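The sequence and structure come first, followed by notes on what lies inside.

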Amino acid sequence: MSDQTSAAGAPEQRLTFPVADPEALRALRAGDRLRIDGHVIGIRDATQIAMFDRGERPRMDLSGAALIHTAPNVRKLGDGRYEKVCIGTTTSARMDRFTRGLMEQYGVRAIIGKGGLLAGSLPVLQESGGVYLAITGGAAALETTQIEEIEEVEFEELMPECLWKFRVRDFGPLVVAMDSHGTSLYESVTARARDKLAELVARLQAGPTPS
């Protein structure tokens, strides 16, 4: 894992996936910025339902992998390979129930998506040394340029919600939104908003300040 300075001046780290040493992810903290080289695995609802509800185990090795919640727009070539057209990212919360199985049974160590996982996934990340990485919404065009090639696909019958193996370079920037130490940026923002709301309500109930 290496560091460099981002445009905003904050340290920006870099990891290659699949990670050779999963424990290295425990060094990441909520709020860290990250870029990825190597591979990310595209996955979405239908494939996870096949894997966990129907017991269909993929051939693809997910040990140490980073998964991204996506159902990409692709073009099939004459030789059976797929060419990228637009590869965006979808909301993660509805796929939260698969997090424990992915990390415990398959060895997945990072999940990339939008909007975060539910708070109940924090213990899973702590136990597995995993992280949830948030990607900027609406950045599909940039994200697509950072995917060099679609190397492999499984569960083609579920198109486009297949299992996709993407080779990536300089993928990001991503933000560590949920880390393996029990911290969630989503929970932190919610708590601050709740405190601010309580403060405003108290001020309103107190009435106007005497001049």
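Predicted model: local features only at pLDDT ≥ 70, side-chain atom pairs only at ≥ 80, totals over all residues.

## Cores and a buried arginine

The largest nonpolar core has 28 residues, and those touching the most other members are Ile36, Ile112, Leu133, Phe166 and Phe171.

| Strand | Residues |
|---|---|
| S2 | 11-17 |
| S3 | 33-43 |
| S4 | 66-69 |
| S7 | 110-113 |
| S8 | 131-135 |
| S9 | 147-154 |
| S10 | 163-178 |

With six residues, S10 is the biggest contributor to this core. Beyond its neighbours within four places in sequence, Ile36 is in contact with several residues, including Leu15, Phe17, Ala66, Ile112, Leu133 and Phe171. The contacts of Ile36 also include Arg169 and Asp170.

In soluble globular proteins, nonpolar side chains tend to be buried together.

Helix H1 spans residues 45-52, and its buried residues are Asp45, Thr47, Gln48, Ala50 and Met51. The cover over these buried residues includes S3, S4, helix H2 (99-105) and S10.

Which residue lies in the loop between H2 and S7? Arg109 is found there. Arg109 is buried but has no salt bridge. Its nearest side chain of opposite charge belongs to Glu23, 6.3 Å away. A polar atom of the Arg109 side chain does lie 3.3 Å from the backbone oxygen of Met103. Leaving aside neighbours within four places in sequence, Arg109 is in contact with residues including Val19, Pro22, Leu25, Met103 and Val131.

How values were computed:
Residues numbered from 1 in each chain as written. Heavy atoms only, no water. Core = buried A, V, L, I, M, F, W, Y, C linked by side-chain atoms within 4.5 Å. Buried < 20%, exposed > 50% of the residue type's maximum accessible area, 1.4 Å probe, protein only. Helix = DSSP H or I, 4+ residues; strand = E, 2+ residues; numbered from the N terminus. Contact = heavy atoms within 4.5 Å. Lys, Arg positive; Asp, Glu negative; His and termini not counted. Salt bridge = Lys/Arg side-chain N within 4 Å of Asp/Glu carboxyl O. Polar contact = N/O pair within 3.5 Å; in protein donor to acceptor, adjacent residues only side chain to side chain.
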